[in-house]
Amino acid sequence: MAGLLLDHIYKVYPSGVQAVTDFTLDIQDKEFIVFVGPSGCGKSTTLRMIAGLEEISDGDLIIDGIKMNLIQPKDRDIAMVFQNYALYPHMTVYDNMAFGLKLRKMPKAEIDARVKEAARILGLETYLQRKPKALSGGQRQRVALGRAIVREPKVFLLDEPLSNLDAKLRAQMRTEITKLHHRLATTFIYVTHDQVEAMTMGTRIVVMKDGFIQQVDAPQKLYDYPANVFVAGFIGTPRMNFFDATLTGTKSKVYIEFEGQKLELPKAKVDTIINLEDYLNTGKQVVFGVRPEDFHDEESFVKANPKSLINVRVDVVEKLGSESLLYCVFADLNESDQIESLVEERVQLIAKVDNRSTTSINTKVDLGIDLIHTHLFDKETELSILEGEGTKAYVPVVELERQAKRAEEEAKKAAELEAKLAAKQAAKEAKLAAKQAKVEQPKEEPAEKTEE
Ligand code: ADP
């Protein structure tokens, strides 16, 4: 059991690649933290720095209050499970799990107890005498987990442990690892590029891009309050729809205009827009984000929300069983644009609707938007301009830089003001002193009539 603090950690590889920049994260004991992001964003590098397999270029790694930067990997009390589970093919499952402990010269009886306990937890008791080649992929990955469990580490690090498994096994192992985390009540740090794994397993998710943390939050918060366009697009499938838009109207009646559409935003939504005056009627662009499930084609919604409707033409309907996806384009496109090419980039939005939807291909429909759940980002900074618990909890790096600059300017102004006040005060005191000197003088000399 352990808490970790990654304090302004940087990694620059000797080749000059800056893989991780200013990574700061406080991980509580027993958390299940997931690092997620596209390939090359620095997830594995961060994990490897925690394990001690990669040197930390700058910043501190603190585990349970102790600085770990220079501690050898074997002394960090951390176990790591890799994507490539690399079992010893000539050893039985039992020996594979016992091997690390034997190297540490642990007494045989204790090794036996630990291996058997791990096998029990992982459902491997009947496979202990098998060699890896006689196991399925999932069972092999369980043995790899077993090898980590027997060490009873303070922290488990898992680097894409399910990538080599097929979809069904991956789903099964996902739940097994979640159960294992509850059972062991130990800190887990898990790396994946798969947002479904991140959403389903993490107690908190760290979204990374280009070596920078983009947002840290609980899965649902991340989904409901993405802090920037990248997080909004990365978390959720199909991904969020984005439209370039502007805000018009008055403070009490704000419209969002996009793709020839003009919808009035509900007051409750408008109230959450930060610095509305920067955008209202200024032409400053925003990005309007709508999750596929926030489009509605069901009659009840469309009737109840006449102000939230857009008219689209449905190009493709995908029936997925539990739901249907509508691939739509805005209906006021020229009719002649239709069906010219199958590969054109004309799909402008994807709506996820009820599986009982009767909307069919090549029809024009009114889609209602659940406007209260939509998202707004500044087009230039790509940061959310909505207040929300999630966005408040998160401070993106660009915002940090901006805040630092602002703080610097404010400090400069404060210092100038202080200097001015001090000078004024000094002048006042000097004047007072001069006056006093003049008042005291008459005791010896006659008083002067004139003031300075
Ligand atoms: P991820 O795990 O998110 O896919 P990595 O942490 O493996 O990303 O890599 C982050 C960046 O660092 C990438 O640009 C990658 O090419 C680079 N990188 C990773 N390992 C090395 C290395 N040993 N030497 C130089 N660059 C590396």
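The model is a predicted one, in which local features need pLDDT of at least 70 and side-chain atom pairs count only at pLDDT 80 or more, while totals for chains, interfaces and linings use all residues. Residues are numbered from 1 along each chain as its sequence is written, and side-chain values use heavy atoms, with hydrogens and water left out.

Ser357 has a relative accessible area of 11% and is therefore buried, a term that stands for under 20% relative accessible area, with exposed meaning over 50% and partly exposed in between (1.4 Å probe, protein chains only). Residues up to four places away in sequence aside, Ser357 touches Asp297 and Lys319, where contact means heavy atoms within 4.5 Å.

Ile310 belongs to strand E16 (residues 309-319). Its relative accessible area is 0%, so Ile310 is buried. Beyond its neighbours within four places in sequence, Ile310 contacts residues including Phe258, Leu263, Phe295, Phe330 and Ile369. Ile310 and Ile369 are 59 residues apart in sequence, and their C-alpha atoms are 7.8 Å apart in space.

Helix H1 (residues 43-51) is largely enclosed by the rest of the structure, because seven of its nine residues are buried. These buried residues are Lys43, Thr45, Thr46, Leu47, Met49, Ile50 and Ala51. After H1 comes Gly52, with a positive phi near 95 degrees.

At the level of the chain, the domain assignment gives domain 1 (4-229) and domain 2 (239-334 + 344-388); such bounds come from an automatic or database domain assignment. The centres of the two domains, taken over C-alpha atoms, are separated by 39 Å. Seven residues of domain 1 are in contact with ten residues of domain 2.

Domain 1 and domain 2 bury about 760 Å² between them, 62% of it on carbon and sulfur atoms; buried area is the accessible area (1.4 Å probe) that two parts lose on being put together, summed over both. On the side of domain 1, Tyr223, Pro226 and Val229 lose the most area to domain 2, together 67% of what that side buries.

Notes. Helices (H or I, at least four residues) and strands (E, at least two) are DSSP runs, numbered from the N terminus.
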